[in-house]
Amino acid sequence: MGEENQTHVTEFIFLGLSQDPQTQALLFFLFLIIYLLTVLGNLLITGLIHKDPRLHMPMYFFLSNLSFADLCFSTTTVPQVLVHFLVKRKTISFAGCSLQMVVLLLVGSTECALLAAMSYDRYVAVCKPLHYSTIMTHWVCVQLATGSWASGAFASLVDTIFTLRLPYQGKNIINHFFCEPPALLRLASADTYSTEMAIFAMGVVILLAPVTLILVSYWHIISTVIQMQSGEGRLKAFSTCGSHLIVVVLFYGSAIFAYMRPNSKIMNERDKIISVFYSAVTPMLNPIIYSLRNKDVKGALRRVTAK
């Protein structure tokens with residue numbers, strides 16, 4: 001299948017992160033640790049939010065959705081990568097590649113919208129505290145979360161359709177370690193300009209639009225905090241927003257780098273490192289960031305372990 005013939009591709013071969021056996025062995029244990037921490041951390045966050053009534057608040061409702069998305073994102077890629085570290089021929093079927101791409105785009109795009117919804121929640125909490133309970137009702141939170149997953153499904157559908165409508169004949173070696181549009185388009189047997197522009201346009205909607213909302217929210221938050229008379233109040237306001245802001249920078253920084261560069265034909269090692277960051281490292285860091293910087297989560301963990 002690696003030869004330049006005109007048969008339709010039925011499977012893809014990944015080059016992976018390394019061809020060196022010793023490096024692959026080292027990476028296997030590194031990715032295994034990352035994945036175990038991701039699963040344990042996100043399940044812990046979700047369990048604490050479900051179990052502790054003190055965490056039944058809008059911010060933690062969105063956080064539980066984010067943890068579930070992180071778990072799905074990591075599980076869609078890392079177990080396959082672990083298996084490929086142990087075998088010489090790193091293959092995936094065309095159908096398997098398509099499914100992986102659909103799920104990754106779904107949960108990745110959903111995370112973008114969820115982070116925007118969380119920034120709005122922080123804006124209301126800091127800038128309109130007296131109206132917080134009437135604005136951020138449970139029904140509003142459900143609508144925002146449902147809208148986030150719906151927007152993720154729409155973005156996934158559009159990007160997947162545009163990517164898979166192209167013919168893939170002959171070339172089937174992907175210089176990557178999982179299936180995503182930027183890597184797959186390099187193998188298409190037809191002109192990819194219109195598809196790249198469609199994916200770029202969807203990236204503007206699903207990446208830059210939420211980023212704009214987040215920036216506007218934090219502009220108002222910072223303006224409000226600066227006007228506070230109490231130093232303790234300013235510290236509390238910044239601490240409630242700090243964890244979310246760190247996650248936003250980590251996730252959006254790597255995602256924008258990967259998806260907002262049209263006409264990028266060459267997948268280099270830097271691109272792979274960025275992909276590792278948002279597909280494996282960020283889902284692991286999110287629960288750590290929220291647990292270490294959040295008094296409510298740490299308090300819930302102490303109450304659970306004390307029982």
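This is a predicted model: local features need pLDDT of at least 70, side-chain atom pairs count only at pLDDT 80 or more; totals for chains, interfaces and linings use all residues.
1. Start with the overall make-up. The protein has 10 helices and 3 strands. Read from the N terminus, the order of elements is β-α-α-β-α-α-α-β-α-α-α-α-α, so the radius of gyration can be taken up next: at 21 Å it is close to the 19 Å that the globule rule gives for 307 residues, and the protein is therefore as compact as a globular protein of that length.

2. On dimensions, the C-alpha atoms fill a box of roughly 70 × 45 × 30 Å along the principal axes. Of the 307 residues, 50% count as buried. If you look at contacts between residues at least 6 apart in sequence, 80% of them join residues at least 24 apart.

3. The 3 strands form an open sheet with mixed pairing, in the order E2-E1-E3. Strand E2 (91–93) and strand E3 (173–174) are the edge strands, each pairing on one side only. In general, strands of a sheet pair through backbone hydrogen bonds, in either a parallel or an antiparallel way.

4. Both kinds of pairing can be followed from E1. Strand E1 (residues 11–14) runs parallel to E3, and 2 bridges join them. Ile13 has Ile173 as its bridge partner in E3, and Phe14 has Ile174. Towards E2, the pairing of E1 is antiparallel, over 3 bridges. Phe12 stands opposite Ile92 on that side.

5. Which way do the side chains of E1 point, and are they buried or exposed? Glu11 and Ile13 point one way, while Phe12 and Phe14 point the other way. All of these residues are buried, Glu11 included. When checking this in the viewer, Ile13 is a handy place to begin, with its partner Ile173 in E3; Phe12 can then be followed across to Ile92 in E2.

6. Leu71 is worth a look among the helical residues. Leu71 is found in helix H2 (residues 58–85). Why does Leu71 count as buried? Its relative accessible area is 18%, and buried means under 20%, so Leu71 falls on the buried side of the cut-off. Leaving out residues up to four places away in sequence, Leu71 touches Thr38, Val39, Asn42 and Leu43. Asp20 is 51 residues from Leu71 in sequence, and their C-alpha atoms are 29 Å apart in space.

7. Ser223 belongs to helix H7 (residues 193–226). With a relative accessibility of 26%, Ser223 counts as partly exposed. The reason is the cut-offs: buried means under 20% and exposed over 50%, so 26% is in between. Between Ser223 and Leu30 there are 42 Å, C-alpha to C-alpha, and the two are 193 residues apart along the chain.

8. Ile256 sits in helix H8 (residues 231–259). Is Ile256 buried or partly exposed? Ile256 is partly exposed, with a relative accessible area of 27%. Not counting residues up to four places away in sequence, Ile256 touches Leu207, Leu208 and Val211. His131 is 125 residues from Ile256 along the chain, and their C-alpha atoms are separated by 34 Å.

9. Phe29 is 270 residues away from Gly299 in sequence, with 32 Å between the two C-alpha atoms.

Notes: Residues are numbered from 1 along each chain as its sequence is written. Side-chain values use heavy atoms; hydrogens and water are left out. Helices (H or I, at least four residues) and strands (E, at least two) are DSSP runs, numbered from the N terminus. The radius of gyration is taken over C-alpha atoms; the globule rule is 2.2 Å times the number of residues to the power 0.38. Buried means under 20% relative accessible area, exposed over 50%, partly exposed in between (1.4 Å probe, protein chains only). Contact means heavy atoms within 4.5 Å. Two strands pair if DSSP finds at least two bridges between them.
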